[in-house]
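I opened this notebook to record what I looked up around the ligand, and then in the protein as a whole. The entries follow the order in which I looked.

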Amino acid sequence: MNLQLFSDLPLADLPDAVAGGADRVLGGARLGQASPGLAPGWPVQAIAAPLLGKPDDSLQEIWRCDAACAAGESEGIRWRRAGNLLYGVIELAEADFSPTPAVSALQAASAEAYRRIFRLLDAQRLPNLWRVWNYLAGINQEVDGLERYRQFNIGRQDAFLEFRRGATGNVPAACALGVAEGPLSIAFMAGDTPAVPVENPRQVSAYNYPAEYGPRSPTFSRAALVYLPGQEILFISGTASIVGHRTVHPDDVVGQCRESLANVAAVVAEANRLARTTAYGLDELSYRVYVRQAEDFPLVRETLAGLIGDTVEIVYVQADICRHDLLLEIEAMASHTLETCA
Ligand code: 3EB
């Protein structure tokens with residue numbers, strides 16, 4: 001089994017990378033605000049956030065494997081599976097959930113989305129959630145006294161606990177970003193073997209954040225090492241300018257950029273202690289960088305080019321970060337061949 005990410009393909013119906021092999025596409029994402037075009041046969045996460053530095057404002061990402069995929073739909077989740085690897089996408093409209101004085105529509109939708117994901121993974125006997133991509137509208141808006149990101153965190157953690165999954169330690173790599181409008185959108189990858197969670201010694205684990213960041217902690221690990229036959233994949237979660245549990249360099253986008261990359265480097269170093277293959281390097285990662293204010297983009301690009309070079313693959317997206325004082329967030333992935341015993 002081999003899984004490969006194509007992170008910057010045009011929005012053509014069948015890009016060259018998949019021509020003749022659409023059944024080998026596990027799934028993907030479409031980013032930008034250009035018209036999404038015809039829906040392909042695989043599950044796609046639509047991320048309606050502007051792209052930065054791309055005049056046509058659109059791209060698609062594709063996860064391609066070297067085996068044919070099985071496809072299905074379960075409780076509104078579109079998914080595909082190749083061997084013991086599954087990718088799915090769920091979108092829930094908050095309007096379909098009735099708020100109560102105790103539970104906002106977003107909290108209810110978040111819990112329900114994760115419950116459906118866990119039911120699918122249990123039914124498919126692929127219980128290990130490896131990587132989750134979360135997008136929601138108005139992430140920093142305060143509604144009924146609680147920021148919407150914090151409402152999402154309650155629903156997410158409730159579902160983990162309800163399904164007897166711990167909410168600390170063995171939790172997936174993730175990101176959680178704000179877009180202008182649209183449904184709660186969650187994409188996920190899961191497998192038959194547990195991910196190896198990776199934390200960052202420079203940061204308090206997010207699942208241990210103190211209550212000043214919300215009534216429930218976020219449920220994610222700083223990175224995850226996951227294994228397919230013959231392959232090791234490193235997923236680095238959304239990584240921001242946080243040291244300990246505090247935001248550092250408020251109002252200083254260059255400072256936040258440097259600190260975020262220092263955190264990515266620390267996570268990579270920690271992953272390299274745990275990895276079964278050769279060490280990962282910052283210059284081999286494939287990056288997605290979320291920038292809160294579009295006008296900061298040139299400075300962010302210049303700063304990152306100075307730190308990791310300008311030949312590195314980076315997709316820039318304008319999105320809201322889950323703390324109002326964070327100006328950017330960096331996520332990344334890489335893959336290594338695993339030497340298998342003869
Ligand atoms: C942080 O480190 C920044 O809630 O799933 C990064 C990655 C962040 C994932 C999530 C949030 C999440 O706290 C925010």
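Predicted model: local features only at pLDDT ≥ 70, side-chain atom pairs only at ≥ 80, totals over all residues.

I then turned to the arginines: an N or O atom in the side chain of Arg-156 is 2.7 Å from a ligand oxygen, and for Arg-222 a polar side-chain atom lies 2.8 Å from an oxygen atom of the ligand.

Entry two, burial. I looked up how much of the ligand the protein covers, and noted that the ligand taken alone exposes 360 Å², of which the protein buries 99%. I also checked where the ligand sits, and found it in the largest pocket.

Entry three, the shell. I listed 13 residues around the ligand, and the nearest of them are Tyr-149, Arg-156, Tyr-209, Arg-222 and Cys-322. Sorted by class, the shell holds nine nonpolar residues, one polar residue and three charged residues. Which elements give two or more residues to this shell? I found α2 (148-162) and β11 (173-179), and β11 gives the most, with three residues.

Entry four, the whole protein. I noted four helices and 20 strands in the secondary structure. The radius of gyration is 19 Å, close to the 20 Å that the globule rule gives for 342 residues, so I wrote the protein down as being as compact as a globular protein of that length. Along the principal axes, I recorded a C-alpha trace that spans about 55 × 50 × 40 Å.

Note on methods
Residues numbered from 1 in each chain as written. Heavy atoms only, no water. Near = heavy atom within 4 Å. Polar contact = N/O pair within 3.5 Å; in protein donor to acceptor, adjacent residues only side chain to side chain. Areas by Shrake-Rupley, 256 points an atom, 1.4 Å probe, with all protein chains shown as cover. 1 Å grid on protein atoms, 1.4 Å probe; cavity = no way out; pocket = protein on both sides within 12 Å on 5 of 7 lines; lining within 4 Å. Sits in = over half its atoms within 2 Å of the grid points. Nonpolar A, V, L, I, M, F, W, Y, C, P; charged D, E, K, R; others polar. Rg over C-alpha atoms; globule rule 2.2 N^0.38 Å.
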